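Here are my notes for a first look at this one. Have the viewer open while you read, and hop to each residue as it comes up.

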Amino acid sequence: MASKWTERISAFCCSPSSFLSGTNPDAFLAELLRELRDDRASYGVKVLLLSPLCEYPTLLCSSESVGEETALDLMSVFTQCPPRSSQFRCHLIVALTSVLVCSSCVSNRSRASLDFIDLLLQICQDTSDLDGDGTQRCNRATACDCLFEIEASCPGLLSQHLELLAGLRQQETSWLHQAYAGLQILVLRNAVYQLTKQTGAGAAHLKALLDGNTSVAWEADQEAFHMVTKDSAIQSSLILGPMGRVPTLHTGPDCKELRSVLSSLLEESYLLTPLCQAALFRRLTEVVAMVPGIPPTIFRAQLLRLLGTNEICLLHVTLLMKCAFTDSLFSAEDEAFLLKRLVVLSQHPLLSTPEKLFYMDCILHFPENRPINCGDSDEALPVLLTPQLASALLPTVFNDSATLLARLHLQALGFLEEGEEEGRGLAYIYDHLTALLHIVERGGSRDIVVTFFRAAFLFLFYFQQVEGYSARLSEQLCQLYLQHTKLAPHILNLVDKTLERLPECNWALGLLQGLQRVISTAPLGQLTLRDLSCHLKVLARVAEEGKISQCSTLGFLSAIITQSSSLLCTSGDWRLGNGVLGVCRRVLLHPSLDSLLIPLADILQHLTCYYGDTDIQDHARLYYTLLTTLSREKLSVMLAHSAAEGGGQVKKRTLSCVMAESEGLTNILTVHQTEQPVFQLTEALSGLQQEMENLQLSQDEGDKALESYRAQFSESGFASQIMLKYHLTHTEPHDSRFEQIFSICLHFSLTDDHYEQLQDISVPCLFRQRPPPVVQLTLKPRRPYPTTIHVSAIFTSKDGLTWHTTMPDVHVEFQQAFLPLPVPLSWSRSSRQDVFEGLWDEFCSEMSDCIISLFCCQLREAALKALVEKHFLPFLVSDLSQEDELRVLLFLPPRSHVLLKISSVEDATQFNMATDTRQLLPHMNSYLLTVTSSQDESVR
Amino acid sequence: MSLRALWIISNEKGQKASIRFSKRFSTVEHRARNLAGSSYVAVPEDSDFLQRLLTELGLSNSDKSYVADRDDCLYRPRSPAVELRLNGKGTLWPVLVLSQGPLILACLPLVDILSEPRPPLANLLSVSQGVTLLAGLQTFLLGSGVKLDSAGLASRVATLPSLLLQVCPLGTPLDTPLAGTPTASTVPTSTVTQKQPAWKTGVYRGRATVNVAVVETVRSMQYGNQSRQDLWDVYGTVTCKCEVEGALPNVTVTLSLPPNGSPLQDILVHPCVTSLDSSILTASSVDNADGSAFSGPYKFPFSPPLEPFRLCSYTSQVPVPPILGSYQLKEEENNLRVSVSLKLHESVRNSFEYCEAHLPFFNRNQMGVVDVKVSSGQVDVSKEKNLLVWGLGQKFPKSREVTFDGKISFTGSSNGPSDPLCTGLTAYIKLYLKVPDTTLSGCCVDQHSVQVYSSAKPRIVTSRELQSKEYFIWNSTGSAPVSSGQVMM
């Protein structure tokens, strides 16, 4: 049993969505709760059972009411649990907190949540185990943590207990005082925040608050109070630097009560773990920032201890304090010291790389006492960071890649500020880049290669204007490429990104020219086919640049196809041939085509005659014909036609474009992925009800009704399908590219094996302005359980591109599998009733999977009638006008039945159920629960 | 200041990476949803998360040399916080990642600042808290040992649920897991009147003992070249183990330097240190120290935790490296002529626990004939035949100088290891040494300077030690990489 649960829980936590698609969340929740109440289960297993509730409460408790009920169940488990199993009790209150907070019970102050808070406060105050073994103490600590979380999620909820919490903290001598301190400062901070939002609140209110006299503190209207609580701004950090706006409470200098609370917290801060100390200091900072009556110097005594710390979070919170209080707490000396500290820590041999990188980030966002630029997010170096100081952070080849790039970035910012373009600093950076390049040259790992190109980009981004270096880099890159042609994608990526980010800069063009030169002048003898394929890629990119002359490119092409030793033409490699044609095609579009006419024609003709692949020959011939017969204008219009993107007209993909391995080709041959779902399936109401009403019920089957009903199933495929109708509609927000889409192929994939695989469905087109097409899903159940179906689609957009999109999942609800009794339409009511009777008797008597059950609820007669009319009319076997008992037969393909006898007994409504598939019961139960409760509300 | 989720991933060589443990903090997630509003990005399920994290860290598709998503030069990974792009479902940020050996630890801190574009990392306290927790978990899971024992790891992973209940029950980190449980007998406090620190789970009972160990580590880069300045630096740590009675006992440890010793710099202290004199913190390695700097004694009053801890660390600028070396290689026909000399500085105690010089050779065949003469110690060829180990024993000879001369032919049948840095004549010697009972800076803790305010007379043990790390001597006839920009400038 235990191992079964271990497996199931781990399956759930691994992927809740796929786990729940195989079962019903309500059913799973019910199972969990049942097992938790079971005395035979060990506490080890029970702790495990709580983990889905702790981690995914919203999946299991979809509504506030389910959350409330689950919480009540868990609380009863808690009361029955002996105090000695304290681990389990701790886990249990954590689970309770998760359920109540996440299902919004806490924010709506539900009954259960208020009871639970009382319970937690009780546990917190329970010091009965003063001489015990400390287990009770763990419970108290966890209870505090839960209260903390509740207050954090629902600020202000505990403000009336402020005095109690302060008392508890002061009395506590064991390590538990830490939990109380954390809770107290959070509640205090939230309460002060609320006061700042209250007009006219001042010192008196603050004092009342601290004395636990909340009726005075909140004399203003309660509504405003709740408004503040629901505002998410109260949950966010109030320390945003000197420019951030912090709401303030005007108390005047007289707030000694608050001051004494804060001093006592500060005094004991040393006793907290570094993590809790950091949190405490941050909350204290916020409180002091909100109450100008308290001077920031209250922190002064702690400062020296914090400045020397080796704990990352303590130094960090000191920086945040500096951010909030600037020179009212930190002298210029402190500031210089802190910055030096950060530089030291950014390269300290005893710290881990992530810590050092974090400190470097802190340098880039150093909270200066007198910042010059006010931008919040802009990375800039603090004025105090002198080049001499920064030189401790120069990159070296011994750095890991993240550190190296971070240091390079920091130095670049520094040199940029200095305006130092010819200095030694820049020379060092360039030497460093060269050192990296040499490592790449000698066959460095992929990581180093990527790092080098990122470093090169950073260098160019900041210093491309320093001609000497950028020209040299370009030269070195060309040589590097020649040695390692497989770096082509990296180099082209660098070219593209430089052009994208620095459109004004000519460096990238220069590099392309250089590449063209080294490729065309390198001796052909050593050229391998792999090199050639890279060269062709580079040359194709070069040919896209109108400003670069293409003579040498053509010279190179001509040489490789005509030279006697060349294997290229005889081997007839299609890919390489295509590579050559790709270059030619771009040259055809080149502005200087006129001067290239003859060499290009020669190349094309040679390919036409001698290339060892017919396809390449044909296409070369086409290009040759185009080149020799069309005028320049027509040629470019024809070729450019396909290359251009956008515009209103539907583009035709011309043959010449499909041909070459060009951007255009990749574009149409690639299936693009949409970022967002483009359309969705929404349920269309079925016409089942109307059909039923117009029936002639005449045929009478007599005694043999059940027999002839059964006989129908001998025919294979009888009544085995469910048809579900959906509208295919565009999603919002709409994307103009997908206004009109064509040839949509919907593909369905199941998330479980309850149904047979679905066929793909084709929809010819979908226009936004036209009525949505109806899509009919034919589901063939193996077991008629609820399920989720993943849907994806491939379609063509107006501009001829093919797209793949994932659509929102389709959820098949349990009730969607209901069908009326599958008998010929002409059967009379009495025959149907005979079948019902026959089945009922069978289900009640024998057979292993049959089961009967009873569901009760309180529904008035009118409500019941409305419910049956709304949900069960098509399945009704008896007459609706029949007063005493209504009979409903639900058929669920392929072979399952659920029979209902509904009757009112005094003030309760009973649903007597019988079914031949017992696994359907939990689903039926939750369905009835939903429909009856919604009916209940609507009638009331 | 809270975390939304936590993952522990194992990524052993030759095996598929898998999630060993994951935990979502639902109430923090609830807050995240409220705070972020329409820009909320949900945490993906484990398998999806794993795949995207591996891509981000460059660990996926390792067989392909260029993957546009992974290798774009525009993109600069901002470790320790990376971002995961979820197809069409927004970007998950900031995912903190720590990896060591076969383990990758990750967590997602709550962003409690509403700003567009995203706030800087430096403004989010949850980031440093997350890093602290992850580092603590990492130490807990892997121990301090270098080798991973997988059975031990599995059993430690199994204890995580109950461990997290204490250190991070609902997503707000409260403490880091204790790396080692205190061995001494402790009792839970009950009748003390003094408040007990939260970082101390009990109170020690028994004879008071204080153990203070100063360990200095020296690093060096020696080029043997006029144009290249040699580099060395020293950093020290002071580790304490205190067994003292009382909830909040007072102990003071004093570090002192010899007369004319250069001041201790960059002092970092453990949070249990109760107060500090500001003069202790002034000396820093990154600015020009003036002669008038404070040079001790350095007093550290503290109240000790139960487990051993690092009281403080410092760096120091010592005038000379302990061993000055020269390394020369000459290519001769089929041989490599090697000559090395090492000189121990007279101020260093000539009594080693061990001292070894390693001479690795990269990008060559395996070694064939090795013909060397050493003036002291002995030379071994490693099993893989690409490394010479020159063991120098416990003592340098009286002259304090040792030499190594020889010829090596690389005629082995198979290739040795490759290294992109050490090609041609770029080569190094790496020194491994440990000298007990000495420090380079001269820093020491006098037994009598340790003060314990308790009734019984405590037993006090102090020790010191010098060891090396990254101690390189580069071949002076080849080019050597720059290891510090500061000196170059």
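The points below go from the overall picture to single residues.

1. Ground rules. This is a predicted model, in which local features need pLDDT of at least 70 and side-chain atom pairs count only at pLDDT 80 or more, while totals for chains, interfaces and linings use all residues. Residues are numbered from 1 along each chain as its sequence is written, chains are lettered from A and ligands numbered from 1 in the order in which they are written, and side-chain values use heavy atoms, with hydrogens and water left out.

2. Chain A overall. Chain A has 41 helices and 12 strands; helices (H or I, at least four residues) and strands (E, at least two) are DSSP runs, numbered from the N terminus. Of its 940 residues, 55% are buried, where buried means under 20% relative accessible area, exposed over 50%, and partly exposed in between (1.4 Å probe, protein chains only). Take the contacts (heavy atoms within 4.5 Å) in chain A between residues at least 6 apart in sequence: 70% of them join residues at least 24 apart. Chain A exposes about 40000 Å², with carbon and sulfur atoms supplying 52% of that; the areas come from the Shrake-Rupley method with a 1.4 Å probe, and for residues only the protein chains shown count as cover.

3. The cores. A nonpolar core here is a set of buried Ala, Val, Leu, Ile, Met, Phe, Trp, Tyr and Cys residues joined through side-chain atoms within 4.5 Å. The largest has 306 residues, and the members touching the most others are A:Leu258, A:Phe299, A:Leu477, A:Leu557, B:Phe300 and B:Phe302. Helix α11 (residues 177-196) of chain A gives the most to this core, with 12 residues. Apart from it lies another core, of 59 residues, including A:Val775, A:Leu801, A:Val812 and A:Leu892.

4. A sheet in chain A. In what order do the 4 strands of the open sheet run? The order is β9-β12-β11-β10 (chain A), with antiparallel pairing. The edge strands, each pairing on one side only, are β9 (851-857) and β10 (885-892) of chain A. Two strands pair if DSSP finds at least two bridges between them; β11 (residues 896-905) and β12 (residues 908-915) of chain A have 8. Across that pairing, A:Leu900 stands opposite A:Met913 in β12(A). Helix α39 (residues 829-845) of chain A packs on the sheet, touching β9, β10, β11 and β12 of chain A, and its direction makes about 95 degrees with that of β11(A). Axes are lines fitted to C-alpha atoms, for helices over the stretch in contact, and angles run from 0 to 180 degrees between N-to-C directions.

5. An enclosed helix in chain B. Why is helix α1 (residues 26-36) of chain B largely enclosed by the rest of the structure? Because 8 of its 11 residues are buried, among them B:Ser26, B:His30 and B:Leu35. Just after α1(B), B:Gly37 takes a positive phi of about 60 degrees.

6. Cysteines. With a disulfide taken as a pair of cysteine sulfur atoms within 2.5 Å, the count over all chains is 0. The cysteine sulfur nearest to that of A:Cys534 belongs to A:Cys478, 15 Å away. In chain B, the sulfur of B:Cys272 is 7.8 Å from the closest cysteine sulfur, in B:Cys240, too far for a bond. B:Cys272 is buried, at 1% relative accessible area.

7. Most residues other than glycine have a negative phi, and most peptide bonds are trans. A cis peptide bond joins A:Pro893 and A:Pro894, with omega about 0 degrees; A:Pro894 lies in the loop between β10 and β11 of chain A. Another cis peptide bond joins B:Trp93 and B:Pro94, with omega about -5 degrees, and B:Pro94 is in strand β4 (residues 91-100) of chain B. A:Ala719 has a positive phi, near 45 degrees, and is partly exposed at 21% relative accessibility. B:Asn363 has a positive phi too, near 55 degrees, and is partly exposed at 35%.
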